[in-house]
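Grab the model and follow along.

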Amino acid sequence: MSEAHPIETAPTKSAAATNTRHRRNGNASVARKVRAELNLEKWPAIWQPSKSKNEKALRVFERQVASTDGSTVVSRVEVGYTHLGTLTTEDQRMYYTLIHLWEESGKPADRPVFFSDRLIARVLKKSWGTNVRDTVVKSLRKLRTIPIEWINSYYQKNEEGKTVLRERTPFTILSDLKIVEREVDGTVNRAVGYFKADDRILHNLLANYTKPLFLETILNLKGEIAQLLYVHVDLMLARKDHYERRTKDLFQDLGLQNPQYNRQYERYRALKNAVAELRGARLSTGIL
């Protein structure tokens, strides 16, 4: 397999990625995939890097989209926050994990999916400890409570297989969540419960308005920018072999709004580290 260099070895104005198609054989044929809801995949900026020091604030993202009649529509996504913070790359991993648990439970349409803290930690490949339980519980609560509002941006698959544009669609990723914690001698040693995705997300998951992703690849990534970039590039290369984007526009797509990223060199440095980790990573349709 040939190797493609997603960026050059000096600061550049654009970044490019190449997808090398390959035959799936051996262990590759049994790699675990999840099918994530497509609207969320198209807006990676929803997930802020978990180590970001930005203040809690409403985050707003906009795009211009051509409608079926040839006119231009402004699509807008607003991501809120609570006392727990905003949605981050850690919560993105949790979201994919919950999709995996839902798929393993038979993709139920009308009942919640049960979980335990240890089961989630095992899927996430986290070593067990009290801090892990706290992180799991916090992330679940954030998926249940942090609002996302879609304005001219949320698509729902209908019975004819077409997508319908919803003008204004506010919701949280989980519509139902129950967590029961067991305490022994003043210490919580177990958390179990159940969850259910928002009905609109669930509808699209069942209607296959989704994007396949390799869960292990995402969980093995160390860098948060690498994670955001991997998910975005995997979507962009789903139906083509090459993708190129100016770094300034790419960082806007990924929601990376820190002031230092206004400087080209800082964008280059951040991408250089991410690309080094992603080189040779397996995509849902090939190798990066």
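For sorting a lining by class, count Ala, Val, Leu, Ile, Met, Phe, Trp, Tyr, Cys and Pro as nonpolar, Asp, Glu, Lys and Arg as charged, and the others, Gly among them, as polar. This is a predicted model, where local features need pLDDT of at least 70, side-chain atom pairs need 80 or more, and totals for linings, chains and interfaces use all residues. Numbering runs from 1 along each chain as its sequence is written, and side-chain values use heavy atoms, with hydrogens and water left out.

**Exercise 1.** Describe the lining of the largest pocket by residue and class.

*Step 1.* A pocket is an open set of points on a 1 Å grid over the protein atoms alone, where a 1.4 Å probe fits, with protein on both sides within 12 Å along at least five of seven lines; lining residues have an atom within 4 Å of a point.

*Step 2.* The lining has 28 residues, and Q48, P49, S50, S52 and T88 lie nearest the centre.

*Step 3.* Sort them: 7 are nonpolar, 12 polar and 9 charged.

**Exercise 2.** Which residues lie nearest the centre of the second largest pocket, and how does its lining divide by class?

*Step 1.* Look for E90, R93, L219, L221 and K222, which lie nearest the centre of this pocket.

*Step 2.* Its lining is made up of 15 residues.

*Step 3.* Split by class, that lining holds 3 nonpolar, 5 polar and 7 charged residues.

*Step 4.* For volume, meaning the space filled by probe spheres set on grid points joined across faces, edges and corners, the second largest pocket comes to about 310 Å³, and the largest to about 500 Å³.
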